[in-house]
Amino acid sequence: MKICKKCILTDAYPGLSFNEEETCSLCSSYHVFEPFGEDKLIRIIEDAKARKKGEYDALVPLSGGKDSMYILYLAVRVYNLKVLTMTYDNGFTSQLAVTNMDRAVEKMKVNHIVCKPESEVLKRIYKNMLLRSGDICGACGIAIRAHMFKVAHDHGIPIILLGTSPLEEDSFLPDTTQDIGRFKHIMREDRCITKKEMNDFLVYPDMNYFKLSFGKRTGSFAKEVCPLFYVKNPSDREMGELIAKELDWKDDTGREYSKHFDCIAEPFTNYVRYHIYGYERRMCQYSTMVRRGEITREKASGLYKSDHIMDKPANYQDVLDMLNIDEKDMEGVLKIKPLKYERYVSKANKLFIKLMKFVKK
Ligand SMILES: [Zn+2]
């Protein structure tokens, strides 16, 4: 196994190559991220205010994690926006994330909508996705995104402010787990849910990138804006300190770097991912932090070791119980081949991505 001399990625990461100095291709092609500029963000915000059809300027989806909390703070306190917040309850939201959200919403004096799908259907979907593809995050991502657009549409909100940061780039490559065509194919294979249940879960069952892009242009869908790509990003630690002070946000175990503890299934999904692919989200995130100069390689190594990704997480059995699966099912899951369903991704989406690459060139 090859390990990069600069970050902690290994050759298990799909498509990664190494040069003579044993540096990985992501490190050797890395350049310091230059934010697009706050003036551009302000222009987008002003434009959105002029286009709103209801009382709110922006929708801020909350997960209970750091990034979305920071965005809420920026939107309300820095850019003085009239904000609506929303959360998709995927059944795995940690209690701490729930109380963090409640406190933040109260402090910022904003309204908060919680979308709660039928939990029994949700479990069947997750179980089927896990047993067949080894991934549940993709299905969850599809549903979260669809609900965001729905809430924004219902309230006439022109923009959705997301906590996605440049730090998260490259954390889950290269399979397209959030593809709706792939999702539908897997669901149909098992027939575990009815057509109505699937349509309710997807909200927009016939969505593709062309329709979404057209809808955003014509104003029937809100535009997604990631403020952390426009302004200078605080480090993970600075962000944590700020939201602790301003939103009364609390960390779980006092861990210095704890992304995604808002979802209690996250360690489980990393564990599965590690055993199928040999890499997972944390390895990528720590590596990006090293590249950005936030932590040293030694620190990243130490943090990664202390995460014990390859071992069953502490709440492993709880997650299995929630998904109604057993150890025997898990043996099958860990043997799933990477990229098993890639050829079932939506043809329209594939074409759209190709076109976008061409346009960019
Ligand atoms: Zn590297």
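# A chat about the fold and its zinc site

Reply: Start with the contacts in this predicted model. Take those between residues at least 6 apart in sequence: 78% of them join residues at least 24 apart.

Me: How many helices and strands are there in the protein?

Reply: The protein has 16 helices and five strands.

Me: What does the C-alpha trace span along its principal axes?

Reply: About 55 × 50 × 45 Å.

Me: And what share of the residues count as buried?

Reply: Of the 361 residues, 49% do.

Me: Now the metal. Which residues coordinate the zinc ion?

Reply: Cys-4, Cys-7, Cys-24 and Cys-27, each through its SG atom. The distances run from 2.2 to 2.4 Å.

Me: What spacing do the donors follow along the chain?

Reply: The pattern is C-x2-C-x16-C-x2-C. Cys-4 and Cys-27 link distant parts of the chain, 23 residues apart. Cys-4 is in the segment before helix H1 (25-28), while Cys-27 is in helix H1.

Me: Are Cys-4 and Cys-27 buried or exposed?

Reply: Both Cys-4 and Cys-27 are buried.

Me: Why is the arrangement around the zinc ion tetrahedral?

Reply: Because the four donor atoms subtend angles of 103 to 115°. The ideal angle for four tetrahedral donors is 109.5 degrees.

Me: On to the strands. In what order do they sit in the sheet?

Reply: The order is E3-E2-E1-E4-E5. The sheet is open, and the pairing is parallel. Strand E3 (111-115) and strand E5 (223-225) stand at the edges. Each has a single partner strand, so one side of each is left without a neighbour in the sheet.

Me: What is the average twist from one strand to the next?

Reply: The twist averages 30°.

Me: How many bridges pair E2 and E3?

Reply: Five bridges, in the parallel sense, with strand E2 covering residues 83-88. One example is Thr-85, whose bridge partner in E3 is His-112.

Me: Which helix lies across the strands?

Reply: Helix H6 (residues 137-154) does. It lies across strand E1 (58-61), E2, E3, strand E4 (159-161) and E5. Helix H6 runs at about 150° to E2.

Me: Let's pick out a residue. Where does Leu-62 lie?

Reply: Leu-62 is in the loop between E1 and helix H3 (66-78). At 4% relative accessibility, Leu-62 counts as buried, because the cut-off for buried is under 20%.

Me: Which residues is Leu-62 in contact with, leaving aside neighbours within four places in sequence?

Reply: Among them are Thr-85 and His-112. Others include Ser-68, Leu-72, Met-86 and Val-105. Remember that Thr-85 and His-112 are bridge partners.

Me: How far apart are Leu-62 and Asp-262?

Reply: In sequence, 200 residues. In space, the C-alpha to C-alpha distance is 9.9 Å.

Me: Last topic, backbone angles. What is phi of Asp-248?

Reply: It is near 60°, a positive value in a residue other than glycine. Most residues other than glycine have a negative phi. Asp-248 lies in the loop between helix H10 (236-247) and helix H11 (266-277). Asp-248 is partly exposed, with a relative accessible area of 30%.

Me: And what about phi of Leu-339?

Reply: Phi of Leu-339 is also positive, near 60°. Leu-339 sits in the loop between helix H15 (327-333) and helix H16 (347-360). At 38% relative accessibility, Leu-339 counts as partly exposed.

Definitions and conventions
Residues numbered from 1 in each chain as written. Predicted model: local features only at pLDDT ≥ 70, side-chain atom pairs only at ≥ 80, totals over all residues. Heavy atoms only, no water. Donors = N, O, S within 2.8 Å, 3.2 Å for Na, K, Ca; no water. Tetrahedral: all angles 85-135°; square planar, octahedral: opposite > 155°, others 65-115°. Helix = DSSP H or I, 4+ residues; strand = E, 2+ residues; numbered from the N terminus. Buried < 20%, exposed > 50% of the residue type's maximum accessible area, 1.4 Å probe, protein only. Pairing = 2+ DSSP bridges. Axes fitted to C-alpha atoms, helices over the stretch in contact; angles between N-to-C directions. Contact = heavy atoms within 4.5 Å.
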